[in-house]
Amino acid sequence: MPELTESVEMRAALLRLRRSTGLEVVFGGLLHDGRRLRIAELNGALTPALRGLAISTGSGLGGKCLALSRPCAVVDYPSARHITHEYDGPVTAEGLRSVIAVPVVVRRKVRGVLYGALRDALPLGDRVFDAAMAAARDVEQALAVRDEVRELLAGRVAAGPASAGRTSAGPASAGRASAGRASAGPEFQGGRSWEEVRQAHGELRELAPQIADPRLRARLLEVCGRLEAASAGPGRPTGVALTPRELDVLAAVASGATNATAADRLGLRPETVKGYLRSTMRKLEAHTRLEAVVAARRAGLLP
């Protein structure tokens, strides 16, 4: 499933690149073994010559892009002097001349390459370079989100509340742990800081809307729900229900974000954030943002 979703993100970025620039052919792929890239997505190709082509670091234009971790371009691929020519056969079969290659870099590691090409030997201007870089940033953001989700689902964050629930302790210590969660205290069983869990929860709620795969997004929100439920004490109020967007905004506010910052993180207008906060405060019978956060934590709606 992860590789399939990554292909969806790559495909969407390439389609936007072609539409915004008029490039005749766009293609690309991700590294899955750390050394070789396989062309998996093409748009505008007339032949299957490029599909599945394995690109080695240092070889051809894409290999140079991988090695240098920066954009590379040639005006006439077949006669270019500053690249090697292991892939001239497939490139010539597709009739490509002017080509650009842009790296996809996540956490300082090249994870893939996006290509754009013309069938004429024409210089590629700044507009094409800027659009190609923007497309690569879109893929980078999607991969960064996916990396964080994978880390969460591997247990790096969710293991905290789960381990607290599994801790074998006597009635007194169990009562103290429950009281600590209900009062939103900073200490957390297992040596973790509850504030770190809160911070992670807020970041994950911000990431969830950016995930294209509905199944993975649902799994992420399920984990967020487990973090929220772990904070609820035995006296959890009933009848309080916040919408997903209200929870997203309140989680951002709980992390210390201003309305403007929350709007930027969530892709909303500041006025929209204010609207969600007003409805949230009304539901929680709170008069200030802080009261709303405290009430939500007591209700088990936020960790």
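How are H9 and H12 oriented to each other? Let's work that out, along with two more exercises. The model is predicted: local features need pLDDT of at least 70, side-chain atom pairs count only at pLDDT 80 or more, and totals for chains, interfaces and linings use all residues. Residues are numbered from 1 along each chain as its sequence is written, and side-chain values use heavy atoms, with hydrogens and water left out.

**Exercise 1. Describe how H9 meets H12.**

Step 1: Helices here are DSSP runs (H or I) of at least four residues, numbered from the N terminus. The axes of H9 and helix H12 (residues 289-298) come within 10 Å and cross at roughly 110 degrees. Axes are lines fitted to C-alpha atoms over the stretch in contact, and angles run from 0 to 180 degrees between N-to-C directions.

Step 2: Angles under 35 degrees count as roughly parallel, over 145 as roughly antiparallel, 65 to 115 as roughly perpendicular and the rest as oblique. H9 and H12 are therefore roughly perpendicular to each other.

Step 3: Now find the residues in contact (heavy atoms within 4.5 Å). H9 brings Leu-250, Val-253 and Ala-254, while H12 brings Arg-289, Ala-292, Val-293, Ala-296 and Arg-297.

**Exercise 2. Compare this with how H9 meets H10.**

Step 1: Helix H9 (residues 244-254) and helix H10 (residues 259-266) have axes that come within 9 Å and cross at roughly 125 degrees. That makes H9 oblique to H10.

Step 2: On the H9 side, Arg-245, Asp-248, Val-249 and Ala-252 make the contact; on the H10 side, Ala-262, Arg-265 and Leu-266 do.

**Exercise 3. Is Glu-246 buried or exposed, and what does its side chain reach?**

Step 1: Look for Glu-246 in helix H9. Its relative accessible area is 5%, so Glu-246 is buried (buried means under 20%, exposed over 50%, partly exposed in between, with a 1.4 Å probe and protein chains only).

Step 2: The side chain of Glu-246 reaches the backbone nitrogen of Thr-243 at 2.9 Å.

Step 3: Setting aside neighbours within four places in sequence, Glu-246 is in contact with Ala-241, Tyr-276, Ser-279, Thr-280 and Lys-283.

Methods. Helix = DSSP H or I, 4+ residues; strand = E, 2+ residues; numbered from the N terminus. Polar contact = N/O pair within 3.5 Å; in protein donor to acceptor, adjacent residues only side chain to side chain.
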